[in-house]
Amino acid sequence: MTQSIFITGAASGIGRATAKLFAEHGWLVGIFDVDDAGLLALEAEVGKNQCVRGHLDVTNEAQWRDAVALFAEQTDGRMNALFNCAGILRMGRFEDLPSSDSLKQVQINIMGVIYGIYGALPLLERTDKPCIVNMSSASAIYGTPELAVYSATKFAVRALTEALDLEFRKKGIRVADIMPSYVATPMVADQAYRAKTLKTMGVKLKAEDIAKCVWQAVTGKKIVHHVPRLNLKLFVRLAGFQSVARPMMKMFSKM
C-alpha cells in the first residue's frame, strides 16, 4: 500500500516543500491549509492522484475531524506520518504586540498541534511504525527576545514532543520535532518588525532544507532535529548553563 503523510500549513513555505518532496518519493500527501488557492496550485504541481486536498483551520477541532476523515477515505484508514507544520510568528517587543496576536500564536502553534495529534491518533494506531513530526524552532532552545510568545509556543511543542515520544512507545508511534533557525519562508519575509536576532543570525535556510529534515525524521529514528545541526547542538549544550546561554542570547539579540 502507498505510504501517506498528512501535512498542515501545506499551501506555502515548509509545508509546501515537504509535500512536494514526499510526493516525489511516491507518497500520497494530504495537503491541508486555510489558503485554498495555494492548495489548488500545489495540487496542480503534485497531481490530483498524488494528494488529498482539504481546507483546515488547525484551531478548529471539528474541521480536524472532517479533514482526517477525508484523508482516511483515500488511505484505507491509515496514516504513516503526521506533519504538524502550520504555525504563525509575530515579531516585536512584548508590550507593543496586542494580546490578540499572542492568543492567536498560542491557538495555532500549540492547540493546532494538540488537536492534530488527537485527530490523527486513531489512524496512526492502525498503521505500522507511524511517526508524528511537530514543527518546533531554534527559539525553543532558549527564550528569544522580540519573539517571546512565539518562543514560548515552540517550547511547548518541544515538551509535548518529548513527552509523547515516551508515552506513545507502547503504541509503536514515534514523535519527533524539527528545530530550525530562521528559514526563508513567507512567515519570516512578511514580518513588519524585524527582530534583532533575525538581523544578527540571518536567514540561511530554505524551505527545501527543512523538507529534507522532515524526510529524515519520518524515515529515521531521531527525536530532535536541529538545523543547522552543528551550531544548534552546541547551543543546546550551552543552554543548560545560564551563565553562558544568557550572555550568548544577549549577544545575538544585541539588547
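Rings of Phe, Tyr and Trp (the six-membered ring of Trp) are taken to pair if their centres lie within 6.5 Å, and planes under 30 degrees apart count as stacked, over 60 as edge-to-face and the rest as tilted. By this rule the count comes to six aromatic pairs. The model is a predicted one, in which local features need pLDDT of at least 70 and side-chain atom pairs count only at pLDDT 80 or more, while totals for chains, interfaces and linings use all residues. Residues are numbered from 1 along each chain as its sequence is written, and side-chain values use heavy atoms, with hydrogens and water left out.

Phe22 is buried, with a relative accessible area of 0%, whereas Trp215, at 21% relative accessibility, counts as partly exposed; buried means under 20% relative accessible area, exposed over 50%, and partly exposed in between, with a 1.4 Å probe and protein chains only. The rings of Trp27 and Trp215 are also edge-to-face, because their centres are 5.9 Å apart and their planes stand at 70°. Here too distant parts of the chain are linked, with Trp27 in the loop between helix 1 and strand 2 and Trp215 in helix 8, 188 residues apart. Trp27 counts as buried, at 6% relative accessibility. Elsewhere, Phe6, Phe32, Trp64 and Phe71 form one aromatic cluster.

In helix 2 (residues 36–46), the buried residues are Gly38, Leu39, Leu42, Glu43 and Val46. These residues lie on the same side of helix 2 because they cover an arc of only 140° around the axis, the arc being that of the directions from the helix axis to the C-beta atoms. An α-helix has 3.6 residues a turn, so residues three or four places apart point the same way. On the other side of helix 2, Ala37 and Ala44 are exposed. Just after helix 2, Gly47 takes a positive phi of about 100°.

How values were computed
Helices (H or I, at least four residues) and strands (E, at least two) are DSSP runs, numbered from the N terminus.
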